[in-house]
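Here is a short report for a reader meeting this structure for the first time. Please look over the sequence and the 3D view before reading on.

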2 protein chains.
Amino acid sequence: MSERVQRKNEARRLEILRAAARVFRRLGLSATGMREIAEEADLSPGNLYYYFSGKDEILLFCQERTLVRLLAAVKEARAAPGAYAERLRCVMSAHVHCMLDELEGATAHLEVEVLPEAMRAGVIEKRDAYERAVRGLVAEGMKRGEFARTDPALVTRAMLGAVNWTARWYRPDGAQSVAEIADSLSEYLVRGLVRAPRPRAVK
Amino acid sequence: MSERVQRKNEARRLEILRAAARVFRRLGLSATGMREIAEEADLSPGNLYYYFSGKDEILLFCQERTLVRLLAAVKEARAAPGAYAERLRCVMSAHVHCMLDELEGATAHLEVEVLPEAMRAGVIEKRDAYERAVRGLVAEGMKRGEFARTDPALVTRAMLGAVNWTARWYRPDGAQSVAEIADSLSEYLVRGLVRAPRPRAVK
């Protein structure tokens with residue numbers, strides 16, 4: 001396949017994803033079929049099946065895309081110079097955007113269990129790699145003395161839980177924008193890690 | 001019904017709940033029927049139906065119990081004297097125990113959606129009351145200057161998300177006990193709220 005055709009294919013798959021996200025949101029996941037997605041994407045069912053073999057493959061594509069974005073964000077943060085607090089803040093903020101932005105948001109909160117078993121392995125592997133990378137960032141910040149010493153695995157899970165939970169309560173017509181939520185939440189989560197400055201000795 | 005009979009009834013319902021929790025854990029929620037619960041509780045199916053009209057009523061009883069415990073914990077914390085940080089820490093710790101302790105843990109992570117619609121209203125009402133009460137505690141701590149000023153609703157949701165998420169990753173055979181997880185997690189979550197002490201003026 002030529003590069004141009006591949007790019008065109010990918011762009012079309014993203015368009016379909018956007019359409020699918022709208023239908024999932026409107027009808028719920030279980031009530032949505034390929035027929036409804038095709039209609040929303042303005043494609044014939046046959047044409048839709050050319051891009052995706054079924055609803056499961058659309059869900060898989062969506063979860064994989066989210067995880068690829070998250071892995072890229074944490075990789076960048078680990079390689080960046082500067083304070084660990086700021087780097088971790090960027091990762092958590094990117095994660096909130098992934099959860100709530102229009103495209104992935106509709107399915108990012110769905111657990112891997114919605115996929116048939118044969119499709120889960122790759123998603124689980126990427127998810128674990130992401131968690132490990134965030135934990136690595138937390139542990140390094142502790143080693144450098146920037147973060148208070150505590151259990152990096154537990155704190156990482158606490159942060160990821162708080163961020164993943166946003167998909168449960170976020171409403172697009174709510175008072176705060178996604179960017180505002182990402183800012184406040186990531187700031188709060190990192191503040192719990194940062195070591196309080198030592199009280200100065202009174203002379 | 002005499003008080004003695006009521007007490008006996010309640011104790012029997014708790015025994016059934018414990019048995020149901022074990023089966024849910026072993027077989028999964030959807031594969032568990034009243035027959036399996038009766039067997040595990042060593043009751044005839046007819047006898048089981050005397051205590052619960054069906055699996056849904058067992059789930060409802062379980063969710064209600066959890067919420068009653070959580071509401072009691074936050075009520076106590078709001079009435080207690082002393083630092084807001086410590087009071088909030090107690091609530092979060094109680095919440096972790098509710099999520100992970102043997103009895104309620106098996107179903108506390110299940111969302112209200114597992115209940116038939118007619119049963120949801122009471123659970124949703126209690127859940128909202130609990131969230132409001134935690135938010136109130138956070139907002140009071142901010143007003144008193146003990147917590148940094150930020151959005152109390154957002155921080156409350158972040159804390160509840162982190163705590164609710166424990167049910168997803170906790171394994172009874174893991175390295176940490178429920179009490180250790182409750183301690184570390186509640187400490188981390190409250191630390192993100194506490195105002196850093198003002199740097200002393202250098203004279």
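## The model

This is a predicted model. Every value below is computed from it.

## Where the chains meet

Chain A and chain B touch. Each side has its share: 26 residues come from chain B and 26 residues from chain A. About 2,700 Å² is buried between the two chains. Carbon and sulfur atoms give 63% of that area. Three residues stand out on the chain B side. Leu154(B), Trp165(B) and Tyr188(B) supply 26% of the area that chain B buries against chain A.

What kinds of polar links join chain B and chain A? The count of salt bridges between them is 0. Polar contacts do occur, with 6 residue pairs counted, both residues at pLDDT 80 or more. Two helices of chain B each give two or more residues to the side that touches chain A: H8 (152-169) and H9 (178-191). H8(B) gives the largest share, 11 residues. By type, the chain B side divides into 14 nonpolar, 6 polar and 6 charged residues.

## How the copies are related

How is chain B superposed on chain A? A rotation of 180 degrees does it, with 0.0 Å of shift along the axis. The RMSD is 0.0 Å. The two copies are therefore related as by a two-fold rotation axis. Within chain B, Gly192(B) has the C-alpha nearest that axis, at 1.7 Å.

## Salt bridges along a helix

Over all chains, the count comes to 22 salt bridges. Between chain B and chain A, as noted, the count is 0.

One of the bridges joins Glu3(A) and Arg7(A). Their closest N and O atoms are 3.8 Å apart. Both residues sit in helix H1 (residues 3-27) of chain A. They are 4 residues apart, so about one helical turn separates them.

Glu187(B) is partly exposed at 45% relative accessibility. Arg191(B) is partly exposed at 25%.

## Salt bridges over a distance

Which helices does the bridge between Arg78(B) and Glu140(B) link? Arg78(B) lies in helix H4 (residues 55-79) of chain B, and Glu140(B) lies in helix H7 (residues 117-143) of chain B. The two are 62 residues apart, and the pair links distant parts of the chain. Their side chains meet at 2.4 Å, N to O. Arg78(B) counts as partly exposed, at 34% relative accessibility. Glu140(B) is partly exposed as well, at 23%.

Chain A also has a network of salt bridges. It links Arg22(A), Arg26(A) and Glu40(A).

Methods: Residues numbered from 1 in each chain as written. Chains lettered and ligands numbered in written order. Predicted model: local features only at pLDDT ≥ 70, side-chain atom pairs only at ≥ 80, totals over all residues. Heavy atoms only, no water. Contact = heavy atoms within 4.5 Å. Buried area = accessible area lost by both parts, 1.4 Å probe. Salt bridge = Lys/Arg side-chain N within 4 Å of Asp/Glu carboxyl O. Polar contact = N/O pair within 3.5 Å; in protein donor to acceptor, adjacent residues only side chain to side chain. Nonpolar A, V, L, I, M, F, W, Y, C, P; charged D, E, K, R; others polar. Least-squares fit on C-alpha atoms with pLDDT ≥ 70 in both. Buried < 20%, exposed > 50% of the residue type's maximum accessible area, 1.4 Å probe, protein only.
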